[in-house]
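Please look at the model below with its helix packing and its pockets in mind.

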Amino acid sequence: HAHGTDTVERNMYGVIIALLPALLVSFWFFGIGSAIVCATSVAACVFFEWAINKFMLKNERCTICDGSAVLTGLLLGFNLPSNLPIWIIIIGALFAIGLGKMPFGGLGNNLFNPALVGRAALLVAFPAQMTTWPKVGQFTSYLDAETGATPLAIMKQAIKSGDASVLDQLPDATMLFLGNHPDGAGAMGEICALALLLGLVYMLWKKIITWHIPISIIATVFVFSGIMHLVNPIYADPISVILSGGLMLGAIFMATDYVTSPMTGKGQLIYGVAIGFLTVVIRNWGAYPEGMAFAIL
């Protein structure tokens, strides 16, 4: 028999390592709020998986050590505002683990990415809190952080008003790439495209994922949004679209989830193209400024 060196633990902790640059950047830009949200999300996800396993499923095997619950908590935290109240974060973790993962039999059997289930549920249940985004640089602020309009909100406003000059308020590409723009940035984990790309390079190097899904998503969004921009300038340019919101986070870390993505290269390309297309459709014509999570689900 031929034995591979891959294990669940190796891959899960490999993704966690790849998330560290984005995590450190979120601490740098959002300070104590980022630390509170991430710590609460991780702790709640680990607790709910342990409690469901022990008291509901009566499973004596410890599953919280494989890293999947920690990863779900991190990804859920990355999709949340840095001023979200703790009790809402805990509800999101319960949705992610208790609805998106464990009822199907735990890791390997879930139909949808658990972190995205948690995010989508919170977005529907608490739309005001989930779409209020703190500005960067408020290191010691948490619930009282000053908020602002995100790049995606500016893009949505331009489409609704039919006024392309609204897009002049967008940060330039360098600011979006580095995350260093003064107004509302969005969710904690999507702030810096550079940090997310470092994670992508690490996962490709370690062969944790392949290039098919992230590249096909980004390429599809670039082409589709580029066509929309050429047809009508009220739609943002493709570079700004790619660097804004959760597109990079979703393409690199969420859509590549082993359990809920295709196994073949061709299937991954089709999957990525579909996600990229749906993301642009939802962003431009949907009720919410962001469409990445719903496109993946």
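Predicted model: local features only at pLDDT ≥ 70, side-chain atom pairs only at ≥ 80, totals over all residues.

Residues are numbered from 1 along each chain as its sequence is written, and side-chain values use heavy atoms, with hydrogens and water left out.

Begin with helix α1 (residues 8-30) and helix α9 (residues 193-205), whose axes come within 8 Å and cross at roughly 165°. Helices here are DSSP runs of H or I with at least four residues, numbered from the N terminus. Axes are lines fitted to C-alpha atoms over the stretch in contact, and angles run from 0 to 180 degrees between N-to-C directions. The two helices α1 and α9 are therefore roughly antiparallel, the class for angles over 145 degrees. Their crossing is right-handed, that is, the near helix is turned clockwise from the far one by less than a right angle. On the α1 side the contact (heavy atoms within 4.5 Å) is made by G14, V15, I17, A18, P21, A22 and V25, and on the α9 side by A195, L196, L198, G199, Y202 and M203. By class, this contact has 11 nonpolar, two polar and no charged residues; Ala, Val, Leu, Ile, Met, Phe, Trp, Tyr, Cys and Pro count as nonpolar, Asp, Glu, Lys and Arg as charged, and the others, Gly among them, as polar.

The second pair is α10 (residues 212-231) and α13 (residues 265-285), packed at about 40° with axes 7 Å apart. At that angle α10 and α13 are therefore oblique to each other. The crossing of α10 and α13 is again right-handed. Their contact divides into 13 nonpolar, eight polar and no charged residues.

Now to the pockets. A pocket is an open set of points on a 1 Å grid over the protein atoms alone, where a 1.4 Å probe fits, with protein on both sides within 12 Å along at least five of seven lines; lining residues have an atom within 4 Å of a point. The largest pocket holds about 240 Å³, volume being the space filled by probe spheres set on the points, which are joined across faces, edges and corners. Its lining includes D6, K207, T256, Y258 and Q268, and divides into six nonpolar, four polar and two charged residues.

The second largest pocket has a volume of about 200 Å³. Of its 16 lining residues, W133, T150, L152, P289 and E290 lie nearest the centre. Helices α5 (114-125) and α7 (151-161) each give two or more residues to this lining, with the largest share, three residues, coming from α7.

Conventions:
Parallel < 35°, antiparallel > 145°, perpendicular 65-115°, else oblique.
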